[in-house]
Amino acid sequence: MLKYTVKRVLLAVVTVFIISAITFFAMNAIPGGPFSKEKAPDPAVQAMLEARFNLDKPVPQQFVIYLGNLLHGDFGISLKTGRDISQIITEKFAVSAKLGGMAAGFAIVLGLILGSVAALCRNRWPDRLIIFLTTLFVSVPSFILATILLLVFALTLKWVGVFSANNPNYVLPVISLMLYPMSYITRLTKSSMLDVLGQDYIRTARAKGVRDSLVIFKHALRNALIPVITYVGPMVAYILTGSMVVETVFTIGGLGTEFVRSINNQDYPMIMATTIFLAVLMVVATLVSDMVYKLVDPKITFD
């Protein structure tokens with residue numbers, strides 16, 4: 001277990017390094033720069049700004065300098081706002097994490113419940129209805145779904161208030177963010193549950209007179225969780241960092257919105273910081289999901 005964890009951590013470090021390198025060199029290959037505007041600044045001022053942020057040096061040397069600062073926990077400052085990037089990420093991630101945490105929680109719980117119901121009612125109307133709705137939600141792009149919810153329930157029917165920083169209403173953003181992962185978890189749970197329900201030990205338990213509820217929730221569902229856990233790890237990391245589309249539609253102002261803004265502004269340090277933050281969150285979530293395998297099924301080994 002310890003050997004496996006150390007190996008995975010080392011692989012995670014290499015993965016983050018490769019992502020950082022690709023992002024850095026691709027970002028600098030794009031024409032223009034953070035100080036390129038419609039009205040060009042004075043050449044002397046631009047040269048001074050580029051020297052201040054090491055943009056006058058060769059790109060490989062800039063990357064080495066950035067890695068050196070990163071190893072000391074210094075993400076730098078935003079080239080557009082002049083604010084410390086660590087502070088920006090902390091503030092914006094708090095908003096995205098609150099939204100994403102609620103969406104992930106509802107997606108997992110509802111997905112497991114609906115998937116179990118669909119498996120137990122196979123080929124009956126509850127199963128057909130659940131599969132129809134989940135297929136619909138998986139097929140509709142998130143930006144279309146978020147826009148429809150905003151237009152219908154907030155602007156037309158006025159059942160839900162429009163999201164604002166002073167009076168945040170997370171109902172529609174949470175629904176927009178949770179429907180796709182909930183639908184995917186539902187389908188995974190159903191297929192895995194059907195496979196487990198056909199196993200010999202399930203038939204043996206039922207033959208011994210074990211209650212159906214105990215068979216389903218103690219034996220079947222627990223063993224059906226493995227493929228769901230594989231998907232949930234990266235899903236939680238993605239949702240916690242905020243969906244760029246959902247945050248933009250509802251003007252939430254979380255980390256996803258900040259990432260889009262930094263790309264439009266070619267704010268190099270902000271782009272790098274958010275990319276690395278997302279990569280670290282992804283590899284940590286994947287590692288945690290692998291560890292959860294052992295809790296769900298103690299027979300799993302990591303050799």
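Student: Is Lys57 buried, partly exposed or exposed?

Tutor: Lys57 counts as partly exposed because its relative accessibility is 27%; buried means under 20% relative accessible area, exposed over 50%, and partly exposed in between (1.4 Å probe, protein chains only). Please note that this is a predicted model, in which local features need pLDDT of at least 70 and side-chain atom pairs count only at pLDDT 80 or more, while totals for chains, interfaces and linings use all residues. Residues are numbered from 1 along each chain as its sequence is written, and side-chain values use heavy atoms, with hydrogens and water left out.

Student: Which residue does Lys57 meet in a salt bridge?

Tutor: Its partner is Asp56, at 3.8 Å from N to O. A salt bridge here is a side-chain nitrogen of Lys or Arg within 4 Å of a carboxyl oxygen of Asp or Glu. Asp56 is partly exposed as well, since its relative accessibility is 46%.

Student: How many salt bridges are there by this rule?

Tutor: The count comes to 4. One of them joins Lys190 to Asp127, with the closest N and O atoms 3.0 Å apart. That pair links distant parts of the chain, 63 residues apart, with Lys190 in helix 7 and Asp127 in helix 5. Helices are DSSP runs (H or I, at least four residues), numbered from the N terminus.

Student: And are Lys190 and Asp127 buried or exposed?

Tutor: Both Lys190 and Asp127 are buried.

Student: How do the axes of helix 5 and helix 7 cross?

Tutor: The axes of helix 5 and helix 7 (residues 171-197) come within 8 Å and cross at roughly 135°. Axes are lines fitted to C-alpha atoms, for helices over the stretch in contact, and angles run from 0 to 180 degrees between N-to-C directions. Helix 5 is therefore oblique to helix 7; angles under 35 degrees count as roughly parallel, over 145 as roughly antiparallel, 65 to 115 as roughly perpendicular and the rest as oblique.

Student: Changing topic, what about Glu258 and Arg261?

Tutor: Their side chains form a salt bridge at 2.8 Å, N to O. Being 3 residues apart in helix 12, Glu258 and Arg261 are separated by about one helical turn. Glu258 is buried, with a relative accessible area of 11%, whereas Arg261 is partly exposed at 38%.

Student: Where is Ile263 found?

Tutor: Ile263 lies in helix 12 (residues 255-264). Its C-alpha atom is separated by 14 Å from that of Ile276, 13 residues apart along the chain.

Definitions and conventions:
Helix = DSSP H or I, 4+ residues; strand = E, 2+ residues; numbered from the N terminus.
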